[in-house]
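Please examine the protein shown below, with attention to how its parts meet one another.

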Amino acid sequence: MTTVMWFRRDLRMVDNKALARTFQDSEDVLCVFHLNPEQLTHEYSYSQSAFLQSVEHLRQSLAKEGIQLYLLYGELEESFDQLRQVLPNWTDVYFNYDEAGYGRLRDQRAATYFRTHAIKIHAFQDHYLHGSQDVKNQFGKAYKVFTPYYRVWRALHKEKPVSVDLSFARTIELNQDPETLKIFNRLWEPLSFYHPGTEVALTKLDSFIADKLENYQVQRDYPSINGTSQLSSYLRTGEISIRMVFDAIIHYIPSDAQETFIKELAWRDFYNMVYVENPRQKGEAIQSQYKDIEWDNSLDLFNLWKKGETGFPIVDAAMRQLNTTGWMHNRLRMITASFLTKDLLIDWRWGERYFQQMLIDYDPASNIGGWQWVASTGTDAAPYFRIFNSTTQSERYDPEGEFIKHYLPQLADVPKKWLHEPARMPLNIQETSHCIIGQDYPVPIVDHKIQRQIAIEKYKAASKSEDNFIS
(Lines give C-alpha, C1' and ligand atoms only; values in the text may rest on other atoms or scores of the structure.)
Protein backbone atom coordinates (compact mmCIF):
# COMPACT_ATOMS: atom_id res chain seq x y z
CA MET A 1 0.00 0.00 0.00
CA THR A 2 1.64 3.20 -1.23
CA THR A 3 -0.06 6.28 0.13
CA VAL A 4 0.09 9.99 -0.68
CA MET A 5 -0.57 12.46 2.13
CA TRP A 6 -1.75 15.61 0.33
CA PHE A 7 -1.11 18.71 2.44
CA ARG A 8 -3.16 21.83 1.66
CA ARG A 9 -4.20 24.34 4.36
CA ASP A 10 -3.25 21.99 7.18
CA LEU A 11 0.46 22.77 7.41
CA ARG A 12 1.24 21.02 10.70
CA MET A 13 2.51 17.71 12.05
CA VAL A 14 0.27 17.70 15.14
CA ASP A 15 -3.50 17.22 15.52
CA ASN A 16 -3.95 16.63 11.79
CA LYS A 17 -6.65 14.07 11.03
CA ALA A 18 -5.45 13.12 7.55
CA LEU A 19 -1.80 12.96 8.60
CA ALA A 20 -2.58 10.86 11.68
CA ARG A 21 -4.59 8.34 9.69
CA THR A 22 -2.04 8.28 6.86
CA PHE A 23 0.73 7.05 9.13
CA GLN A 24 -1.61 4.83 11.12
CA ASP A 25 -3.01 3.00 8.07
CA SER A 26 -0.18 2.96 5.54
CA GLU A 27 2.99 1.04 4.75
CA ASP A 28 4.80 3.55 2.52
CA VAL A 29 4.00 7.27 2.57
CA LEU A 30 4.87 10.22 0.34
CA CYS A 31 3.90 13.70 1.58
CA VAL A 32 3.09 16.17 -1.20
CA PHE A 33 2.04 19.77 -1.66
CA HIS A 34 0.54 20.90 -4.96
CA LEU A 35 1.24 24.40 -6.26
CA ASN A 36 -1.85 25.09 -8.34
CA PRO A 37 -1.48 27.92 -10.90
CA GLU A 38 -5.23 28.54 -10.68
CA GLN A 39 -4.83 29.51 -7.03
CA LEU A 40 -1.60 31.47 -7.37
CA THR A 41 -0.78 34.96 -8.52
CA HIS A 42 2.49 36.18 -10.00
CA GLU A 43 1.71 39.67 -8.69
CA TYR A 44 3.12 40.67 -5.32
CA SER A 45 0.84 39.44 -2.55
CA TYR A 46 1.35 39.41 1.21
CA SER A 47 -1.30 36.72 1.42
CA GLN A 48 0.48 34.37 -0.98
CA SER A 49 3.95 35.06 0.40
CA ALA A 50 2.84 34.33 3.95
CA PHE A 51 1.14 31.08 2.98
CA LEU A 52 4.08 29.79 0.94
CA GLN A 53 6.46 30.88 3.69
CA SER A 54 4.48 28.53 5.92
CA VAL A 55 4.72 25.77 3.29
CA GLU A 56 8.50 26.19 3.28
CA HIS A 57 8.55 26.06 7.09
CA LEU A 58 6.60 22.78 6.99
CA ARG A 59 8.97 21.44 4.34
CA GLN A 60 11.95 22.14 6.58
CA SER A 61 10.20 20.81 9.69
CA LEU A 62 9.34 17.53 7.96
CA ALA A 63 12.90 17.26 6.68
CA LYS A 64 14.16 17.38 10.27
CA GLU A 65 12.02 14.28 10.87
CA GLY A 66 13.50 12.60 7.81
CA ILE A 67 10.33 13.16 5.78
CA GLN A 68 10.26 14.78 2.35
CA LEU A 69 7.54 17.22 1.31
CA TYR A 70 7.43 16.64 -2.44
CA LEU A 71 6.31 19.69 -4.44
CA LEU A 72 4.11 19.46 -7.52
CA TYR A 73 3.38 22.32 -9.88
CA GLY A 74 0.89 22.59 -12.72
CA GLU A 75 -2.65 21.79 -13.72
CA LEU A 76 -4.21 19.42 -11.20
CA GLU A 77 -4.71 16.30 -13.29
CA GLU A 78 -1.42 16.69 -15.15
CA SER A 79 0.44 17.01 -11.86
CA PHE A 80 -1.12 13.79 -10.58
CA ASP A 81 -0.30 12.08 -13.87
CA GLN A 82 3.33 13.02 -13.39
CA LEU A 83 3.23 11.76 -9.82
CA ARG A 84 1.81 8.41 -10.91
CA GLN A 85 4.68 8.02 -13.37
CA VAL A 86 7.28 8.23 -10.59
CA LEU A 87 5.03 6.49 -8.05
CA PRO A 88 3.43 3.65 -10.07
CA ASN A 89 2.26 1.74 -6.97
CA TRP A 90 0.19 4.66 -5.67
CA THR A 91 -2.97 3.14 -4.17
CA ASP A 92 -4.38 5.58 -1.58
CA VAL A 93 -4.61 9.32 -0.95
CA TYR A 94 -5.34 11.07 2.34
CA PHE A 95 -6.32 14.72 2.70
CA ASN A 96 -8.44 17.15 4.72
CA TYR A 97 -11.18 18.33 2.40
CA ASP A 98 -12.58 21.78 1.73
CA GLU A 99 -16.31 22.39 1.81
CA ALA A 100 -16.57 25.73 0.03
CA GLY A 101 -15.09 28.01 -2.59
CA TYR A 102 -12.38 27.02 -5.02
CA GLY A 103 -11.15 24.32 -2.67
CA ARG A 104 -14.42 22.45 -2.97
CA LEU A 105 -14.33 22.55 -6.77
CA ARG A 106 -10.71 21.39 -6.74
CA ASP A 107 -11.56 18.49 -4.44
CA GLN A 108 -14.42 17.43 -6.69
CA ARG A 109 -12.06 17.35 -9.68
CA ALA A 110 -9.47 15.49 -7.66
CA ALA A 111 -12.03 12.93 -6.50
CA THR A 112 -13.02 12.25 -10.11
CA TYR A 113 -9.37 11.75 -11.02
CA PHE A 114 -8.67 9.42 -8.11
CA ARG A 115 -11.71 7.26 -8.81
CA THR A 116 -10.83 7.07 -12.50
CA HIS A 117 -7.37 5.75 -11.60
CA ALA A 118 -8.51 3.44 -8.79
CA ILE A 119 -6.84 5.47 -6.06
CA LYS A 120 -8.75 5.09 -2.81
CA ILE A 121 -9.82 8.37 -1.19
CA HIS A 122 -9.59 9.02 2.56
CA ALA A 123 -10.93 12.53 3.23
CA PHE A 124 -11.53 14.28 6.56
CA GLN A 125 -13.27 17.41 7.89
CA ASP A 126 -10.39 18.98 9.77
CA HIS A 127 -10.65 22.75 9.34
CA TYR A 128 -13.65 23.57 11.56
CA LEU A 129 -15.04 22.57 14.92
CA HIS A 130 -18.27 21.80 13.11
CA GLY A 131 -18.60 21.33 9.38
CA SER A 132 -21.27 22.95 7.26
CA GLN A 133 -23.74 20.08 7.72
CA ASP A 134 -23.40 19.69 11.48
CA VAL A 135 -25.57 22.58 12.66
CA LYS A 136 -29.16 22.58 11.36
CA ASN A 137 -32.46 24.03 12.52
CA GLN A 138 -35.48 21.93 13.51
CA PHE A 139 -36.43 21.53 9.87
CA GLY A 140 -33.00 20.28 8.86
CA LYS A 141 -32.11 23.54 7.13
CA ALA A 142 -29.06 25.76 7.47
CA TYR A 143 -29.36 28.78 9.73
CA LYS A 144 -29.33 32.25 8.19
CA VAL A 145 -28.94 34.10 11.49
CA PHE A 146 -25.96 33.64 13.79
CA THR A 147 -27.59 33.79 17.25
CA PRO A 148 -29.80 30.68 16.93
CA TYR A 149 -26.96 28.96 15.05
CA TYR A 150 -24.66 29.65 17.98
CA ARG A 151 -27.05 28.22 20.55
CA VAL A 152 -27.10 24.90 18.72
CA TRP A 153 -23.37 25.05 17.88
CA ARG A 154 -22.42 25.70 21.50
CA ALA A 155 -24.32 22.67 22.78
CA LEU A 156 -22.74 20.22 20.36
CA HIS A 157 -19.86 17.98 21.42
CA LYS A 158 -16.45 19.23 20.24
CA GLU A 159 -13.80 16.80 19.05
CA LYS A 160 -10.56 16.55 20.98
CA PRO A 161 -7.17 16.99 19.30
CA VAL A 162 -5.86 13.80 17.68
CA SER A 163 -2.37 12.41 18.22
CA VAL A 164 0.01 11.94 15.30
CA ASP A 165 2.74 9.30 15.31
CA LEU A 166 5.04 9.72 12.33
CA SER A 167 6.93 6.50 13.11
CA PHE A 168 4.17 4.10 12.09
CA ALA A 169 4.96 4.03 8.38
CA ARG A 170 7.98 4.21 6.09
CA THR A 171 8.35 7.41 4.11
CA ILE A 172 9.23 7.62 0.45
CA GLU A 173 11.66 10.13 -1.00
CA LEU A 174 11.70 11.12 -4.68
CA ASN A 175 14.05 13.30 -6.65
CA GLN A 176 12.50 16.76 -6.48
CA ASP A 177 12.08 18.37 -9.90
CA PRO A 178 14.48 21.37 -9.75
CA GLU A 179 12.28 23.47 -12.03
CA THR A 180 9.33 23.05 -9.65
CA LEU A 181 11.52 24.17 -6.77
CA LYS A 182 12.60 27.26 -8.74
CA ILE A 183 8.97 28.14 -9.48
CA PHE A 184 8.07 27.70 -5.82
CA ASN A 185 10.84 30.06 -4.72
CA ARG A 186 9.82 32.68 -7.31
CA LEU A 187 6.24 32.77 -6.04
CA TRP A 188 7.04 34.27 -2.66
CA GLU A 189 9.56 36.18 -0.66
CA PRO A 190 10.04 36.09 3.13
CA LEU A 191 7.98 38.63 5.05
CA SER A 192 9.93 40.09 7.95
CA PHE A 193 6.74 40.64 9.96
CA TYR A 194 5.45 37.08 9.54
CA HIS A 195 6.81 34.22 11.64
CA PRO A 196 5.47 30.84 10.52
CA GLY A 197 5.27 27.57 12.35
CA THR A 198 3.22 25.55 14.80
CA GLU A 199 5.64 26.35 17.60
CA VAL A 200 5.04 30.09 17.13
CA ALA A 201 1.28 29.55 17.00
CA LEU A 202 1.26 27.52 20.22
CA THR A 203 3.35 30.16 21.97
CA LYS A 204 0.86 32.82 20.90
CA LEU A 205 -2.02 30.67 22.16
CA ASP A 206 -0.37 30.18 25.54
CA SER A 207 0.44 33.89 25.79
CA PHE A 208 -3.11 34.86 24.90
CA ILE A 209 -4.63 32.63 27.56
CA ALA A 210 -2.15 33.73 30.23
CA ASP A 211 -2.07 37.46 29.53
CA LYS A 212 -5.04 38.55 27.42
CA LEU A 213 -8.04 36.27 27.71
CA GLU A 214 -9.20 37.67 31.05
CA ASN A 215 -9.77 41.11 29.49
CA TYR A 216 -10.53 39.97 25.95
CA GLN A 217 -14.17 40.99 26.00
CA VAL A 218 -13.24 44.65 26.46
CA GLN A 219 -9.75 45.02 25.04
CA ARG A 220 -10.44 43.27 21.71
CA ASP A 221 -12.13 46.43 20.39
CA TYR A 222 -9.19 48.78 20.95
CA PRO A 223 -6.57 48.70 18.18
CA SER A 224 -3.89 50.38 20.29
CA ILE A 225 -4.03 47.45 22.74
CA ASN A 226 -2.49 44.10 21.87
CA GLY A 227 -5.56 42.33 23.18
CA THR A 228 -6.39 39.75 20.51
CA SER A 229 -5.06 36.23 20.03
CA GLN A 230 -3.14 36.88 16.78
CA LEU A 231 -3.96 33.30 15.79
CA SER A 232 -5.93 34.02 12.63
CA SER A 233 -3.00 33.65 10.21
CA TYR A 234 -2.08 30.28 11.77
CA LEU A 235 -5.64 29.02 11.57
CA ARG A 236 -5.66 30.12 7.95
CA THR A 237 -2.58 28.02 7.12
CA GLY A 238 -3.53 25.24 9.49
CA GLU A 239 -0.31 25.58 11.47
CA ILE A 240 -2.52 25.29 14.51
CA SER A 241 -5.77 23.36 14.57
CA ILE A 242 -9.07 24.81 15.64
CA ARG A 243 -9.45 21.85 18.01
CA MET A 244 -6.24 22.75 19.83
CA VAL A 245 -7.43 26.32 20.25
CA PHE A 246 -10.86 25.35 21.57
CA ASP A 247 -9.46 22.66 23.84
CA ALA A 248 -7.06 25.15 25.43
CA ILE A 249 -9.69 27.87 25.82
CA ILE A 250 -12.40 25.65 27.24
CA HIS A 251 -10.17 24.70 30.19
CA TYR A 252 -9.87 28.34 31.21
CA ILE A 253 -12.05 29.57 34.07
CA PRO A 254 -15.56 30.19 32.65
CA SER A 255 -16.19 33.88 32.10
CA ASP A 256 -17.84 36.34 29.75
CA ALA A 257 -14.44 36.89 28.12
CA GLN A 258 -14.02 33.17 27.49
CA GLU A 259 -17.51 32.95 25.99
CA THR A 260 -16.86 35.97 23.77
CA PHE A 261 -13.76 34.31 22.32
CA ILE A 262 -15.56 30.99 21.82
CA LYS A 263 -18.26 32.90 19.96
CA GLU A 264 -15.58 34.18 17.58
CA LEU A 265 -14.61 30.58 16.83
CA ALA A 266 -18.28 29.87 16.11
CA TRP A 267 -18.43 32.80 13.66
CA ARG A 268 -15.64 31.09 11.73
CA ASP A 269 -17.75 27.92 11.43
CA PHE A 270 -20.86 29.96 10.63
CA TYR A 271 -19.23 31.79 7.72
CA ASN A 272 -17.98 28.49 6.31
CA MET A 273 -21.54 27.17 6.42
CA VAL A 274 -22.80 30.36 4.74
CA TYR A 275 -20.25 29.94 1.94
CA VAL A 276 -21.33 26.35 1.37
CA GLU A 277 -24.96 27.45 1.18
CA ASN A 278 -24.09 30.39 -1.09
CA PRO A 279 -21.26 29.18 -3.35
CA ARG A 280 -21.43 32.29 -5.56
CA GLN A 281 -21.08 34.78 -2.70
CA LYS A 282 -17.57 35.92 -3.61
CA GLY A 283 -18.96 37.66 -6.67
CA GLU A 284 -22.63 38.05 -5.84
CA ALA A 285 -24.66 39.59 -3.03
CA ILE A 286 -26.49 36.98 -0.96
CA GLN A 287 -29.47 39.30 -0.51
CA SER A 288 -30.82 39.60 -4.03
CA GLN A 289 -32.44 43.01 -3.47
CA TYR A 290 -28.97 44.53 -3.16
CA LYS A 291 -27.25 42.81 -6.08
CA ASP A 292 -27.74 45.82 -8.35
CA ILE A 293 -26.72 48.72 -6.11
CA GLU A 294 -25.57 51.63 -8.24
CA TRP A 295 -22.01 51.97 -6.94
CA ASP A 296 -19.98 55.06 -7.86
CA ASN A 297 -16.77 53.00 -8.10
CA SER A 298 -14.31 55.87 -8.37
CA LEU A 299 -10.87 54.38 -9.05
CA ASP A 300 -9.21 57.55 -7.73
CA LEU A 301 -11.04 57.32 -4.40
CA PHE A 302 -10.36 53.59 -4.22
CA ASN A 303 -6.63 54.18 -4.61
CA LEU A 304 -6.68 56.84 -1.88
CA TRP A 305 -8.48 54.37 0.39
CA LYS A 306 -5.87 51.69 -0.36
CA LYS A 307 -2.97 54.04 0.38
CA GLY A 308 -4.52 55.45 3.57
CA GLU A 309 -4.92 58.97 2.24
CA THR A 310 -8.60 59.68 2.81
CA GLY A 311 -8.31 62.46 5.41
CA PHE A 312 -10.09 60.29 7.99
CA PRO A 313 -7.37 59.33 10.51
CA ILE A 314 -8.72 56.02 11.80
CA VAL A 315 -9.33 54.79 8.24
CA ASP A 316 -5.90 55.91 7.05
CA ALA A 317 -4.10 54.43 10.05
CA ALA A 318 -5.93 51.13 9.57
CA MET A 319 -5.03 50.91 5.89
CA ARG A 320 -1.40 51.69 6.67
CA GLN A 321 -1.41 48.96 9.29
CA LEU A 322 -2.61 46.58 6.60
CA ASN A 323 -0.08 47.79 4.05
CA THR A 324 2.88 47.51 6.41
CA THR A 325 2.02 44.44 8.49
CA GLY A 326 -0.35 42.35 6.35
CA TRP A 327 -2.87 42.38 9.17
CA MET A 328 -5.64 44.64 10.39
CA HIS A 329 -7.46 44.78 13.71
CA ASN A 330 -10.98 43.36 13.39
CA ARG A 331 -12.83 46.52 14.40
CA LEU A 332 -10.79 48.44 11.86
CA ARG A 333 -11.79 45.95 9.19
CA MET A 334 -15.39 46.91 9.85
CA ILE A 335 -14.63 50.63 9.89
CA THR A 336 -12.60 50.60 6.67
CA ALA A 337 -15.12 48.36 4.91
CA SER A 338 -18.02 50.59 5.90
CA PHE A 339 -16.08 53.66 4.76
CA LEU A 340 -15.36 52.12 1.36
CA THR A 341 -18.89 50.93 0.69
CA LYS A 342 -21.05 53.58 2.35
CA ASP A 343 -18.88 56.69 2.35
CA LEU A 344 -17.03 56.21 -0.93
CA LEU A 345 -19.88 54.17 -2.47
CA ILE A 346 -17.47 51.62 -3.91
CA ASP A 347 -18.46 48.00 -4.55
CA TRP A 348 -17.61 45.76 -1.58
CA ARG A 349 -16.05 43.25 -3.99
CA TRP A 350 -13.24 45.72 -4.74
CA GLY A 351 -12.34 45.86 -1.06
CA GLU A 352 -12.69 42.11 -0.57
CA ARG A 353 -10.21 41.48 -3.40
CA TYR A 354 -7.74 43.99 -1.96
CA PHE A 355 -7.92 42.31 1.43
CA GLN A 356 -7.38 38.97 -0.32
CA GLN A 357 -4.14 40.32 -1.73
CA MET A 358 -2.87 41.96 1.46
CA LEU A 359 -4.06 39.93 4.48
CA ILE A 360 -1.70 37.27 5.78
CA ASP A 361 -4.72 35.70 7.50
CA TYR A 362 -6.97 35.81 4.42
CA ASP A 363 -9.73 33.25 4.77
CA PRO A 364 -12.29 33.37 1.92
CA ALA A 365 -15.35 32.42 3.95
CA SER A 366 -14.66 34.84 6.81
CA ASN A 367 -13.43 37.69 4.61
CA ILE A 368 -16.31 37.51 2.16
CA GLY A 369 -18.76 37.05 5.02
CA GLY A 370 -17.36 40.09 6.80
CA TRP A 371 -17.49 42.29 3.73
CA GLN A 372 -21.05 41.26 2.92
CA TRP A 373 -22.03 41.85 6.56
CA VAL A 374 -20.72 45.43 6.49
CA ALA A 375 -22.13 46.08 3.02
CA SER A 376 -25.56 44.84 4.25
CA THR A 377 -25.73 42.36 1.38
CA GLY A 378 -25.07 39.10 3.23
CA THR A 379 -26.63 36.64 5.66
CA ASP A 380 -27.40 38.16 9.07
CA ALA A 381 -25.88 41.40 7.80
CA ALA A 382 -25.99 44.83 9.37
CA PRO A 383 -29.06 46.77 8.12
CA TYR A 384 -28.21 49.07 5.21
CA PHE A 385 -28.84 52.19 7.29
CA ARG A 386 -26.25 51.10 9.86
CA ILE A 387 -23.31 53.14 8.64
CA PHE A 388 -20.17 53.50 10.71
CA ASN A 389 -19.17 57.07 11.43
CA SER A 390 -15.39 56.73 11.30
CA THR A 391 -14.88 59.83 13.45
CA THR A 392 -17.06 58.65 16.33
CA GLN A 393 -15.58 55.16 16.02
CA SER A 394 -12.14 56.72 16.27
CA GLU A 395 -13.10 58.77 19.33
CA ARG A 396 -14.57 55.71 21.03
CA TYR A 397 -11.95 53.06 20.26
CA ASP A 398 -8.76 55.12 19.97
CA PRO A 399 -9.61 57.97 22.37
CA GLU A 400 -6.01 59.04 23.00
CA GLY A 401 -5.04 58.55 19.36
CA GLU A 402 -2.26 56.11 20.20
CA PHE A 403 -3.01 53.87 17.24
CA ILE A 404 -3.53 56.79 14.87
CA LYS A 405 -0.27 58.45 15.83
CA HIS A 406 1.67 55.22 15.45
CA TYR A 407 0.71 54.86 11.79
CA LEU A 408 0.26 58.56 11.02
CA PRO A 409 3.31 60.24 12.61
CA GLN A 410 2.43 63.52 10.88
CA LEU A 411 -0.40 63.79 13.42
CA ALA A 412 1.89 63.20 16.40
CA ASP A 413 1.70 66.80 17.65
CA VAL A 414 -1.98 67.40 16.89
CA PRO A 415 -3.93 68.09 20.11
CA LYS A 416 -6.40 65.44 21.16
CA LYS A 417 -9.29 67.87 20.55
CA TRP A 418 -8.54 67.88 16.81
CA LEU A 419 -6.90 64.50 16.32
CA HIS A 420 -9.96 62.65 15.08
CA GLU A 421 -10.97 65.46 12.70
CA PRO A 422 -7.72 67.30 11.96
CA ALA A 423 -9.25 69.18 9.04
CA ARG A 424 -11.24 71.23 11.58
CA MET A 425 -8.06 72.60 13.18
CA PRO A 426 -7.66 76.39 12.98
CA LEU A 427 -4.68 77.39 10.88
CA ASN A 428 -2.67 78.56 13.88
CA ILE A 429 -3.12 75.13 15.53
CA GLN A 430 -2.09 73.43 12.29
CA GLU A 431 1.09 75.51 12.28
CA THR A 432 1.99 74.80 15.90
CA SER A 433 1.19 71.13 15.37
CA HIS A 434 3.43 70.94 12.29
CA CYS A 435 0.50 69.53 10.34
CA ILE A 436 -0.88 71.70 7.56
CA ILE A 437 -4.06 70.14 6.19
CA GLY A 438 -3.78 69.63 2.46
CA GLN A 439 -0.01 69.56 2.73
CA ASP A 440 1.07 67.30 5.60
CA TYR A 441 -2.22 65.44 5.89
CA PRO A 442 -5.05 65.17 3.33
CA VAL A 443 -8.27 67.13 3.28
CA PRO A 444 -11.18 64.68 3.79
CA ILE A 445 -12.07 63.23 0.39
CA VAL A 446 -15.80 63.07 1.16
CA ASP A 447 -18.37 64.53 3.54
CA HIS A 448 -19.66 61.71 5.72
CA LYS A 449 -23.11 63.20 6.33
CA ILE A 450 -23.74 63.73 2.63
CA GLN A 451 -22.38 60.33 1.63
CA ARG A 452 -24.41 58.58 4.31
CA GLN A 453 -27.64 59.94 2.90
CA ILE A 454 -26.64 59.08 -0.67
CA ALA A 455 -25.80 55.53 0.40
CA ILE A 456 -29.18 55.09 2.08
CA GLU A 457 -30.95 56.30 -1.05
CA LYS A 458 -28.93 53.93 -3.23
CA TYR A 459 -29.87 50.96 -1.06
CA LYS A 460 -33.51 52.01 -1.04
CA ALA A 461 -33.48 52.36 -4.82
CA ALA A 462 -31.92 48.92 -5.27
CA SER A 463 -34.50 47.37 -2.98
CA LYS A 464 -37.40 49.06 -4.79
CA SER A 465 -36.02 47.92 -8.11
CA GLU A 466 -36.05 44.34 -6.84
CA ASP A 467 -39.62 44.75 -5.55
CA ASN A 468 -40.76 46.08 -8.93
CA PHE A 469 -39.04 43.19 -10.70
CA ILE A 470 -40.75 40.63 -8.46
CA SER A 471 -44.18 42.23 -8.83
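The model is a predicted one. The chain is divided into domain 1 (1-126), domain 2 (128-162 + 191-277) and domain 3 (288-462). The centres of domain 1 and domain 2, taken over C-alpha atoms, are separated by 25 Å. Where these two domains meet, 24 residues of domain 1 are in contact with 26 residues of domain 2. Together they bury about 2,200 Å², and carbon and sulfur atoms give 48% of that area. On the side of domain 1, Asp15, Gln53 and Glu99 supply 26% of the area buried against domain 2, more than any other three residues.

Polar interactions also cross this boundary. Between domain 1 and domain 2 there are three salt bridges and 18 residue pairs in polar contact. Three helices of domain 1, namely helix 1 (17-25), helix 2 (46-64) and helix 4 (101-116), each supply at least two residues of the side that touches domain 2. Helix 2 gives the most to that side, with eight residues. In composition, the residues of this side of domain 1 divide into eight nonpolar, eight polar and eight charged. A further pair to inspect is Glu159 with Lys17, a salt bridge in which the closest N and O atoms are 2.7 Å apart.

Lys17 also belongs to the buried part of helix 1. In this helix, Lys17, Ala18, Leu19, Ala20, Thr22 and Phe23 are buried. What do the buried residues of helix 1 pack against? Their partners are strand 1 (2-7), strand 2 (28-35), strand 4 (90-96), strand 5 (120-124), strand 6 (170-171) and helix 10 (242-250). The N-terminal end of helix 1 is capped by Asn16, which places a side-chain oxygen 3.3 Å from the backbone nitrogen of Ala18.

The salt bridges may now be considered over the whole structure, where a search finds 29 of them. Side chains of opposite charge can pair when their charged atoms come close.

Where in the structure do the side chains of Asp221 and Arg331 lie, buried or exposed? Both residues are buried, and their side chains meet in a salt bridge with an N to O distance of 2.9 Å. Asp221 lies in the loop between helix 8 (216-219) and helix 9 (232-237), whereas Arg331 lies in helix 14 (residues 330-343), so the pair ties together parts that are 110 residues apart in sequence.

The side chains of Lys291 and Asp292 also meet in a salt bridge, at 3.0 Å from N to O. Here Lys291 counts as partly exposed, at 40% relative accessibility, and Asp292 counts as exposed, at 56%.

Notes. Residues are numbered from 1 along each chain as its sequence is written. This is a predicted model: local features need pLDDT of at least 70, side-chain atom pairs count only at pLDDT 80 or more; totals for chains, interfaces and linings use all residues. Side-chain values use heavy atoms; hydrogens and water are left out. Domain bounds come from an automatic or database domain assignment. Contact means heavy atoms within 4.5 Å. Buried area is the accessible area (1.4 Å probe) that two parts lose on being put together, summed over both. A salt bridge is a side-chain nitrogen of Lys or Arg within 4 Å of a carboxyl oxygen of Asp or Glu. A polar contact is a pair of N or O atoms within 3.5 Å; within protein, one must be able to donate a hydrogen and the other to accept it, and residues adjacent in sequence count only if both atoms are side-chain atoms. Helices (H or I, at least four residues) and strands (E, at least two) are DSSP runs, numbered from the N terminus. Ala, Val, Leu, Ile, Met, Phe, Trp, Tyr, Cys and Pro count as nonpolar, Asp, Glu, Lys and Arg as charged, and the others, Gly among them, as polar. Buried means under 20% relative accessible area, exposed over 50%, partly exposed in between (1.4 Å probe, protein chains only).
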